[in-house]
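Please walk through the structure below, beginning with the chain as a whole and then turning to one of its helices.

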Amino acid sequence: MIHSLYVRITATFLIIVLISIGVAFLFTNQMFKRDARGQLPQLMEKSIDRIEQLYAVSKPTSIKVFLDEMSALQGQSIIAVSINNRVVTTGERSELMLRSLTYEQLLSAFRGSTVRLNIFSEVGEPPLPPAFGKLAQFGSERWALFVQPDRFPQNSNFIWTAVTLLVTLLLVGSVLILVAARYLVMPLKMMTNAATRMSEGDFSVRLPARRGDELGELAEGMNKMALSLSQLEMMRQDFVSNVSHEIQSPLTSIGGFAEALRSEEVTEAERERYISIIKQESMRLSRLSENLLNLASLDSQHHPFHPESYRLDRQLRDVVLACEPHWIAKRQTVELLMEETTITADRDQLNQVWMNLLSNSMKFTPEDGKISCFLTEQDGFAVVRITDTGIGISEEDRERVFERFYKGDASRDRSQGGSGLGLSIAHKIARIHGGNITLDPGADQFAGASFMIRLPLAPPSSS
């Protein structure tokens, strides 16, 4: 329990509050005392100026009566000495002030200086606040006026108020932090349990994400992570299943026909056919292995990327010409409508993209069909559209067409020689180049398959 986040948060808060209260009390108390004593000279000077102003306004007939009233009103002892050595005293410590006043201090006051007059108390009594004096004008006469407060500024009320406030702050703050800590720890415990379940392979866990704070965002993020991990786990299982199936099928064929070759009753024609099938299945395994290695390299973020500037229209034309034996054999028509376009990209990677897409179109387009390839520039992108009049892609397959090993149509079986990785590789290469491949939304879905490839004319900055 002592190591729980709940106790640590509460104990940390209490320690911080206690230290803060102690430091704040000592610092505030010392600052208050220092400020009160430090401001005493200014307060006394202002008091003398106020007495002088009130005398000028009221114009009393007797300066003695006037100073008596000021002494009682402001709680001060006052002595006034005129230039003609006339002395007026008032207040309980005025006589003590007069005995402490020296000739030099009086002369300094008449010269316009502010004079500090220390008043010494009897032994055993608390220290007395000092008196301050300066020149004052009462009517037509100049007087040296000295004032002394009856006591230092009191801070007992301030200290009591501060203590009451800080104790209340400690009690209320402690209760609130206990509630807040519990409010914080409960969702964290739920998240910890959810993370533990996900670490054990249970990705069905979901957290309530009704909070509008950071914890709510964290819960929502964990829900998205659980969903992504669940999808990744399904993809992993499908991937393993598909790889196993794709490998097992040719291996079964190779093993079966290799065993048949051992028979002495096999004719020469059958032997040649069996060898041809074994060679075909071996090539299929080789292509599958090559595609898997290519995908692994593309996924690793360390796949070689060597951009260069070249004519994209010429590359597409060369790929079509390289595939000429295939579309000639099926009497297909290939239409090229391309603008002169220069792109900076990895030539070999994009060559694989065009080869995969055009091979698919030729493979799944029947005899006497038509394949079209359009190339334009739009807003700094090269846009390639490859359409055909083949079997097309059904509506339920359009969302998964770029998934690895996905074969939506029954016609796309292994008799066609495909493994379901071509579109995945092409899609990955386009993403590496900062572009994308999508099913062309502007094409008629009954006219066959139509893909739109958008690639930036300049390489992405992260490359």
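The protein chain holds twelve helices and twelve strands, where helices (H or I, at least four residues) and strands (E, at least two) are DSSP runs numbered from the N terminus. This is a predicted model, in which local features need pLDDT of at least 70 and side-chain atom pairs count only at pLDDT 80 or more, while totals for chains, interfaces and linings use all residues. Residues are numbered from 1 along each chain as its sequence is written, and side-chain values use heavy atoms, with hydrogens and water left out.

Of the 463 residues in the protein chain, 36% are buried, that is, under 20% relative accessible area, with exposed meaning over 50% and partly exposed in between (1.4 Å probe, protein chains only). Among contacts (heavy atoms within 4.5 Å) in the protein chain with a separation of 6 or more, 64% join residues 24 or more positions apart.

Helix H3 covers residues 63-74, and its end C-alpha atoms lie 16 Å apart, which agrees with the 16 Å that its twelve residues should span at 1.5 Å a residue, the expected span being 1.5 Å times one less than the number of residues. At the start of H3, a side-chain oxygen of Ser62 comes within 3.4 Å of the backbone nitrogen of Lys64.

Which residues of H3 are buried? They are Ile63, Phe66, Leu67, Met70 and Ser71, and because they cover an arc of only 135° around the axis, they sit on the same side of H3; the arc is that of the directions from the helix axis to the C-beta atoms. An α-helix has 3.6 residues a turn, so residues three or four places apart point the same way. On the other side of H3, Ala72 and Leu73 are exposed. After H3 comes Gly75, with a positive phi near 65°.

Methods: Polar contact = N/O pair within 3.5 Å; in protein donor to acceptor, adjacent residues only side chain to side chain.
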